[in-house]
Amino acid sequence: MLNVIILAAGLGKRMQSDLPKVLHPIAGQPMLSHVLAAARALAPERIVVVVGHGAQRVQQAYAGQDLHFALQQPQQGTGHAVMQALPLLLEGDADDTSLVLYGDVPLVQAGTLQALLQARGQGLALLTETLDDPSGYGRIVRNAAGQVVRVVEHKDADDAERAIREVNTGILAAPTAALRRWLGQIDNRNAQGEYYLTDIVGLAVREGTPVAHAQPAAHWETLGVNSRVQQAQLERIWQGEQARCLLEQGVTLADPARFDLRGSLTCGRDVFIDVGCVFEGTVQLADGVRVGPHCVLRDARIGAGTVLDAFSHVEGAQVGDAARIGPYARLRPGADVGPEAHVGNFVELKKTRLGRGSKANHLAYLGDALIGERVNVEAGTITCNYDGVNKFQTVIEDDAFIGSDTQLVAPVRVGQGATLGAGTTLTRDAPAGELTLSRPRQQTVPGWKRPVRK
């Protein structure tokens, strides 16, 4: 039986923020969410989150999820934090394990945690790392036989101990029953007056419990966040890792350093992504898609061979094969652009189906509309779909031509092959195959004088 304990009670004073530290984002998700994703990949029977500062906000952020919360108030160290979780842990037999993680160490990966659990065997296992500069970390002290005998915190270490480069990351896996016993024996007689979780290592050694170790697959997995600077550093590390994975899959990134993924991105073959693009939620790019610079895609599906030109925004929408979007186009939720269709600069679609080969190339708003195939929508066209209370649909059938500066006051239908003259305000259905106008008669006023400033 596996329990996961996530320590998330810290104030995060150096963040200079009212937001609890573990709710600050990396790649668009709270740091705590990253840790929870790694934990859930291990299929634990229980996850306990220890909260303190901002406890209510953290609990509200994860309301309704499969989590249990323990309150640490006041905060008296990592050992004290784990003590608060003990009443909520599940325990069945001697093989039960408790894994301790940290809500502000967001990039630890499930594979590394699985290796730590395997290393535990019948004893205690620590996740350690060897650093060129171990300042500030607890040191792993070994005996002449190379066995771990204790962990000494930096403030309590002497010069010889501070020279040790193998450090404790704080992440550990312990037998649940033994963890309860050891925590009952630790004290706070140290430089910080806190209960150190690491003191259980010496107690385990004294009992003859084996102390094993594992190391992370990548050095960045155990980096923590205590400031905005560190948050920004981890953001770029994580984005660089996502970019590396995409490059290995055959995606072309114009500049991997100018790429942001804040969700999941699935790409086909020969996809090209230019600089400054942001991907959020779940995004799918089929074969041969080209995404121009500074586009934003959120929960979008883009068909094969489609081109998105610069500064286009696609949210909650799908685009068919060989279409062209942008530049400066906006597809809002419910937009469905058919194959070979064009949505040009400063065109906005919302809850609108644009059929195969249809074009709206510039300066238009098309909302709550069903537009057929091979329709041409000229500049300045809008669907007047909202009366201030309710929304209504506009239907434009195949092969229609909508002239510039046209307003379609929904609900209204434009028949197949119909033409609307420029400047038309359509309030009734336009018959198929006919030219419909609502243009007032042009006139010139003889003798009219332009006003002059008095």
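This is a predicted model: local features need pLDDT of at least 70, side-chain atom pairs count only at pLDDT 80 or more; totals for chains, interfaces and linings use all residues.
Reader: You mentioned H6, so how do the axes of H6 and H7 cross?
Author: The axes of helix H6 (residues 176-183) and helix H7 (residues 199-207) come within 10 Å and cross at roughly 110°. Those axes are lines fitted to C-alpha atoms, for helices over the stretch in contact, and the angles run from 0 to 180 degrees between N-to-C directions. H6 and H7 are therefore roughly perpendicular to each other, since angles under 35 degrees count as roughly parallel, over 145 as roughly antiparallel, 65 to 115 as roughly perpendicular and the rest as oblique.

Reader: Which residues make that contact between H6 and H7?
Author: From H6 the contact involves Leu179, Arg181, Trp182 and Leu183, and from H7 it involves Ile200, Leu203, Ala204 and Glu207. Sorted by class, the contact of H6 with H7 has six nonpolar, no polar and two charged residues. Here Ala, Val, Leu, Ile, Met, Phe, Trp, Tyr, Cys and Pro count as nonpolar, Asp, Glu, Lys and Arg as charged, and the others, Gly among them, as polar.

Reader: Changing topic: is histidine 24 buried or exposed?
Author: Histidine 24 is buried, with a relative accessible area of 3%, and its place is in the loop between strand S1 (2-8) and strand S2 (25-26).

Reader: What does the side chain of histidine 24 make a polar contact with?
Author: The side chain of histidine 24 makes a polar contact with the side chain of serine 17, at 3.3 Å, and the histidine 24 side chain also reaches the backbone oxygen of leucine 19 at 3.3 Å. A polar contact is a pair of N or O atoms within 3.5 Å; within protein, one must be able to donate a hydrogen and the other to accept it, and residues adjacent in sequence count only if both atoms are side-chain atoms. Leaving aside neighbours within four places in sequence, histidine 24 is in contact with residues including Met15, Gln29, Arg228 and Gln231.

Reader: What about threonine 352, where does it lie?
Author: Threonine 352 lies in the loop between strand S24 (342-350) and strand S25 (353-354), and at 1% relative accessibility it counts as buried. The side chain of threonine 352 reaches the backbone nitrogen of alanine 369 at 3.1 Å. Not counting residues up to four places away in sequence, threonine 352 touches Gly334, Asp336, Leu366 and Ile371, among others.

Reader: And glycine 52, which residues does it touch?
Author: Not counting residues up to four places away in sequence, glycine 52 touches Ala8, Ala9, Leu71, Gln72, Gln73 and Gln75. Glycine 52 lies in the loop between S4 and helix H2 (55-61) and is buried, with a relative accessible area of 6%. The C-alpha atoms of glycine 52 and proline 74 are 7.5 Å apart, although these residues are 22 residues apart along the chain.

Reader: Now the backbone: is the peptide bond from glycine 326 to proline 327 cis or trans?
Author: That peptide bond, from glycine 326 to proline 327, is cis, with omega near 0°, and proline 327 lies in the loop between strand S21 (324-325) and strand S22 (330-331). The peptide bond from alanine 410 to proline 411 is also cis, with omega near 0°, and proline 411 has its place in the loop between strand S32 (407-409) and strand S33 (412-414).

Reader: One last thing, what is phi of alanine 43?
Author: Phi of alanine 43 is near 55°, a positive value in a residue other than glycine. Alanine 43 is placed in the loop between helix H1 (31-40) and S4, and at 56% relative accessibility it counts as exposed. Phenylalanine 346, found in strand S24, has a positive phi as well, near 60°.

Terms used. Residues are numbered from 1 along each chain as its sequence is written. Side-chain values use heavy atoms; hydrogens and water are left out. Helices (H or I, at least four residues) and strands (E, at least two) are DSSP runs, numbered from the N terminus. Contact means heavy atoms within 4.5 Å. Buried means under 20% relative accessible area, exposed over 50%, partly exposed in between (1.4 Å probe, protein chains only).
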